Amino acid sequence: MLYLTLKKEWFDLMISGKKKIEFRKPSSWIRSRLNRDYELIKFTNGYGDDKPFFICKYEGFEISNESKTYIIEDSTIEVEIGTYMIFLGEILEKGNIN
């Protein structure tokens with residue numbers, strides 16, 4: 001399972017189903033994580049076992065070959081060439097949601 005943490009803004013949009021792609025800037029850390037086979041991703045809002053989380057299907061990733069702006073509700077995401085785009089599938093489990 002791939003484990004990633006999110007800020008509240010992005011966590012809320014993803015758990016609501018409005019944001020289906022996670023964007024990560026290129027780094028050796030994310031390259032090393034995505035260089036493996038996964039079936040699931042666990043996203044948490046913060047660190048620790050008591051933090052909100054959800055588990056979804058992992059649908060693979062691509063590296064952006066263009067700059068693009070995504071607007072989801074009131075949030076804007078600026079994607080640059082080389083950004084990792086991680087595709088989310090169905091949410092299978094949610095926990096510690098208040």
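1. Basis of the note. This is a predicted model, in which local features need pLDDT of at least 70 and side-chain atom pairs count only at pLDDT 80 or more, while totals for chains, interfaces and linings use all residues. Residues are numbered from 1 along each chain as its sequence is written, and side-chain values use heavy atoms, with hydrogens and water left out.

2. The sheet. Five strands form an open sheet in the order β1-β3-β4-β7-β2, and their pairing is mixed; two strands are taken to pair if DSSP finds at least two bridges between them. Because β1 (2-5) and β2 (21-24) each have a single partner strand, they stand at the edges, and one side of each is left without a neighbour in the sheet. From one strand to the next, the twist averages 40°, where axes are lines fitted to C-alpha atoms (for helices over the stretch in contact) and angles run from 0 to 180 degrees between N-to-C directions. Helices (H or I, at least four residues) and strands (E, at least two) are DSSP runs, numbered from the N terminus.

3. β1 and β3 (residues 40-44) run parallel and are joined by four bridges. Within this pairing, Thr5 has Thr44 of β3 as its bridge partner.

4. The helix on the sheet. α1 packs on the sheet and touches β2, β3, β4 (53-63) and β7 (84-95), contact meaning heavy atoms within 4.5 Å. The direction of α1 makes about 95° with that of β4.

5. The structure holds six salt bridges, each defined as a side-chain nitrogen of Lys or Arg within 4 Å of a carboxyl oxygen of Asp or Glu. In one of them the side chains of Lys8 and Asp12 meet at 2.9 Å, N to O; these residues are four apart in helix α1 (residues 8-15), and therefore separated by about one helical turn. Asp12 is partly exposed, with a relative accessible area of 35% (buried means under 20%, exposed over 50%, and partly exposed in between, with a 1.4 Å probe and protein chains only).

6. Asp50 forms a salt bridge with Lys51, with the closest N and O atoms 4.0 Å apart; here Asp50 is exposed at 56%, whereas Lys51 is partly exposed at 29%.
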